[in-house]
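Open the model in your viewer and get ready to select residues one by one. Each stop tells you what to pick and what to look for.

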There are 2 protein chains.
Amino acid sequence: MNDTPTILKTLKNTPLFKHCSETVLQNFATQSTIMVADKGQVFFVHEEPAKRFFIIMEGWVKLFRETLDGTQAVIDILPQGYVFGESSIFQNDQYIYSAETVEPTKLIAAPLHLLKSEMDNNINLVREMLSALSIQKRQQDKELEHLTIQNAPQRIGCFLLRLTSQDIKGRVRIQLPYDKSLVAARLGMQAETFSRALSKLKNATGLEIKGATIELDDIQKLISFSCSVCTSEFPCKDLECGK
Amino acid sequence: MNDTPTILKTLKNTPLFKHCSETVLQNFATQSTIMVADKGQVFFVHEEPAKRFFIIMEGWVKLFRETLDGTQAVIDILPQGYVFGESSIFQNDQYIYSAETVEPTKLIAAPLHLLKSEMDNNINLVREMLSALSIQKRQQDKELEHLTIQNAPQRIGCFLLRLTSQDIKGRVRIQLPYDKSLVAARLGMQAETFSRALSKLKNATGLEIKGATIELDDIQKLISFSCSVCTSEFPCKDLECGK
């Protein structure tokens with residue numbers, strides 16, 4: 001099957017490529033492949049030489065690093081539309097993290113050398129990358145801040161608020177995007193800490209958990225609980241997506 | 001006094017400007033000013049409209065944000081050679097943090113509009129900014145990781161190791177760059193937590209503290225204590241400077 005038209009369509013919908021010409025996109029599309037992966041597939045490992053970068057079409061991918069004794073530090077869990085692996089360009093072509101699917105995932109694998117040569121000539125592409133990275137950095141500032149000034153239940157509350165529409169009022173239903181164990185890992189919490197913190201959050205705000213669905217009779221309770229201990233206010237200015 | 005020659009010399013030594021032409025540098029230099037500030041001077045406040053960015057010639061500057069109730073989250077404490085305020089370009093020309101000197105400081109204030117117009121035309125400048133931001137982001141990944149997998153004494157140990165030469169062996173003397181209270185704030189610790197953690201670190205590694213000087217008979221003890229709980233090894237690959 002010829003994947004090129006599908007790849008081309010996805011590239012056109014990916015902000016990273018919005019300043020690339022039709023010719024360049026066509027070139028990317030013909031030299032890229034679509035990959036389908038089950039849950040738990042590792043695409044590359046931290047410090048491995050980097051030849052390709054990836055664009056997620058469907059599913060979720062976890063970026064992480066491991067200590068010598070196997071403790072995992074989760075850097076991010078990325079949804080559809082996100083790009084990863086391209087940061088190796090700034091680390092002597094070595095991946096700066098490991099990447100593994102956390103559910104069945106479909107993605108595009110594209111050659112890094114094409115991105116590098118396009119970055120030599122296309123100032124708008126480089127500006128787009130700089131702008132996206134700046135947004136990611138700002139979101140990370142916020143995570144660092146929360147780790148030092150919020151407690152664990154407040155950080156779970158913030159995670160849930162980030163999943164809702166920013167103009168919502170009153171009763172709300174929030175769908176967890178992936179397993180609770182992954183939410184815990186994403187927030188850098190041990191399973192037991194997460195479980196205790198979730199109980200406290202339930203008591204403080206009255207939210208109800210039904211499997212992967214969270215219901216709350218008034219979103220304002222969650223906002224008061226979490227956003228009072230934050231340097232942003234709700235609606236949150238730090239929520240622009242860093243695709 | 002004409003500051004232009006001094007400013008020009010500093011700009012030429014600042015990595016951000018290494019791809020700017022002599023004409024552009026001259027233009028920056030004539031439109032910038034040197035400022036001298038005492039400890040505690042606030043240059044700008046989070047979300048204020050941004051007109052200028054800054055280059056530190058001497059001293060230290062703290063970047064931070066505050067919650068409504070006045071709790072401060074320290075984002076970074078920057079030494080000589082670093083640039084700050086330029087990230088407002090990616091946030092609708094609003095500063096994304098507040099900035100305050102933590103000791104007497106000398107810096108260059110430069111107009112943001114010049115940087116923006118140069119970014120429209122100079123691809124190498126934008127690439128340089130992207131590369132620097134990528135290094136900062138990687139260092140921040142590491143901080144987030146440490147906040148979740150290292151304990152407080154190990155994080156202080158890592159902070160000290162970052163201040164030493166990366167090829168050092170045996171006996172070592174480390175000079176704290178600023179007040180212990182600022183080190184605590186930079187590491188996101190309350191004063192009491194920091195003090196308790198420092199005692200534990202002393203017991204575990206035998207280091208001695210004399211004012212702002214820290215002495216240790218064998219650096220390897222500190223490496224074993226901190227770097228075993230990290231996804232990097234010593235010498236640390238995440239230490240490149242993000243100037």
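Predicted model: local features only at pLDDT ≥ 70, side-chain atom pairs only at ≥ 80, totals over all residues.

Is Gly85(B) buried or exposed? Its relative accessible area is 1%. Buried means under 20%, so Gly85(B) counts as buried.

Where does Gly85(B) sit in the chain? Look in the loop between strand 6 (83-84) and strand 7 of chain B. Now show what touches Gly85(B): Phe44(B), Arg52(B), Phe53(B), Tyr95(B), Tyr97(B) and Leu112(B), leaving aside residues up to four places away in sequence. Pick Leu112(B) from that group. Gly85(B) and Leu112(B) are 27 residues apart in sequence, and their C-alpha atoms are 8.7 Å apart in space.

Next, select strand 7 of chain B, residues 98-101. In a regular strand the side chains alternate between the two faces of the sheet. Here Ser98(B) and Glu100(B) point one way, while Ala99(B) and Thr101(B) point the other way. All four are buried.

Strand 2 of chain B (residues 42-44) runs antiparallel to strand 7 of chain B, with two bridges between them. Strand 4 of chain B (residues 61-66) is also antiparallel to strand 7 of chain B and is joined to it by four bridges. Now center on Ala99(B).

Last stop: select helix 4 (residues 123-149) and helix 5 (residues 152-162) of chain B. Their axes come within 10 Å and cross at roughly 150°. The two helices are therefore roughly antiparallel to each other. Show Lys142(B), His146(B), Leu147(B) and Ile149(B) in helix 4, which meet Gln154(B), Arg155(B), Cys158(B) and Arg162(B) in helix 5. By class, this contact has three nonpolar, two polar and three charged residues.

Technical notes:
Residues numbered from 1 in each chain as written. Chains lettered and ligands numbered in written order. Heavy atoms only, no water. Buried < 20%, exposed > 50% of the residue type's maximum accessible area, 1.4 Å probe, protein only. Pairing = 2+ DSSP bridges. Axes fitted to C-alpha atoms, helices over the stretch in contact; angles between N-to-C directions. Parallel < 35°, antiparallel > 145°, perpendicular 65-115°, else oblique. Contact = heavy atoms within 4.5 Å. Nonpolar A, V, L, I, M, F, W, Y, C, P; charged D, E, K, R; others polar.
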